[in-house]
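Student: Let's go through this one quickly, with numbers and cut-offs. Please put the chain up first.

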Amino acid sequence: MADGSANPIDVHVGARIRLRRTLLGMSQEKLGECLGLTFQQVQKYERGANRVGASRLFDLSRVLDVRVGYFFEEISATAQAASPVEVIRGNVTKSANAPDENPMTKRETLELVRAYFTIADPKVREQVLAMAKALAS
């Protein structure tokens, strides 16, 4: 961006990379190995500090076993509004610095989902889900 900050769309794509990598239980180092990169480069992609090119996005989709479109799903209106095309058109509707409220990008959510799916007994998983719903009420 003009002010030196990361483009919100790059940040979103990076968050989706991190989400999928974490759900698979894959380390940044392992992902880097699969792509021929260092874990530091993976960190930069996940933070949105470096843009992910089309060929790298294709490689990521294959390694992480998702469609390329996965990386753009659930993109916030804030990120969309901060896209240079939208800014030029004058369509900015929200502050580009508003925090992303998506709970699916939080580490604790990812850890909870991974732990839940490691429960082998379907009846126990059902009880855990019922307990979580009861606690949320």
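**Salt bridges and their burial**

Student: Is Arg-51 buried or exposed?
Tutor: Take relative accessible area: buried is under 20%, exposed is over 50%, and partly exposed lies in between (1.4 Å probe, protein chains only). Arg-51 has 57%, so the class is exposed.

Student: Which pLDDT do side-chain atom pairs need in this predicted model?
Tutor: Residues are numbered from 1 along each chain as its sequence is written, and side-chain values use heavy atoms, with hydrogens and water left out. The model is predicted: totals for chains, interfaces and linings use all residues, local features need pLDDT of at least 70, and side-chain atom pairs count only at pLDDT 80 or more.

Student: Which side chain meets Arg-51 in a salt bridge?
Tutor: A salt bridge needs a side-chain nitrogen of Lys or Arg within 4 Å of a carboxyl oxygen of Asp or Glu. For Arg-51 the N to O distance is 2.8 Å, and the partner is Asp-10.

Student: How many residues apart are Arg-51 and Asp-10?
Tutor: Helices are DSSP runs (H or I, at least four residues; strands are E, at least two), numbered from the N terminus. Arg-51 sits in the loop between α3 (39-47) and α4 (54-63). Asp-10 sits in helix α1, and the pair links distant parts of the chain, 41 residues apart.

Student: What separates Arg-16 and Glu-73 in sequence, given their salt bridge?
Tutor: Their closest N and O atoms are 3.3 Å apart. Arg-16 lies in helix α1 and Glu-73 in the loop between α4 and α5 (77-81), so the pair ties together parts separated in sequence by 57 residues.

Student: What is the relative accessible area of Glu-73?
Tutor: Arg-16 has 6% relative accessibility and counts as buried. Glu-73 is partly exposed, at 29%.

Student: Which residues are linked with Glu-73 in a network of salt bridges?
Tutor: Start with the salt bridge from Glu-73 to Arg-67, at 2.3 Å between closest N and O atoms. Arg-67 is exposed, at 55%. Linked with Glu-73 in the network are Arg-16, Arg-67 and Glu-74.

Student: How many salt bridges does the structure hold?
Tutor: The pairs include Arg-51 with Asp-10 and Arg-16 with Glu-73. The structure's total is five.

**A buried arginine**

Student: Which side chain of opposite charge is nearest to Arg-20?
Tutor: Lys and Arg count as positive, Asp and Glu as negative; His and chain ends are not counted. Arg-20 lies in helix α1 (residues 8-23). Arg-20 is buried yet has no salt bridge; 4.5 Å away is the nearest side chain of opposite charge, Asp-65.

Student: Which backbone oxygen lies 2.8 Å from a polar atom of the Arg-20 side chain?
Tutor: Contact means heavy atoms within 4.5 Å. Leaving out residues up to four places away in sequence, Arg-20 touches Leu-64, Asp-65, Val-66 and Tyr-70. The backbone oxygen at 2.8 Å is that of Leu-64.

**Helix α2**

Student: What arc do the buried residues of α2 cover?
Tutor: The buried residues of α2 (residues 28-35) are Gln-28, Leu-31, Gly-32 and Leu-35. They are on the same side of α2, because their arc around the axis, taken from the directions from the axis to the C-beta atoms, is only 100°.

Student: Which residues are exposed on the other side of α2?
Tutor: What covers the buried residues includes α1, α3 and α4. On the other side, the exposed ones are Glu-29 and Glu-33.

Student: Which side chain joins Gln-28 in a polar contact?
Tutor: A polar contact is a pair of N or O atoms within 3.5 Å; within protein, one must be able to donate a hydrogen and the other to accept it, and residues adjacent in sequence count only if both atoms are side-chain atoms. Gln-28 is buried, at 18%. The side-chain contact is 2.8 Å, and the partner is Glu-46.

**The whole chain**
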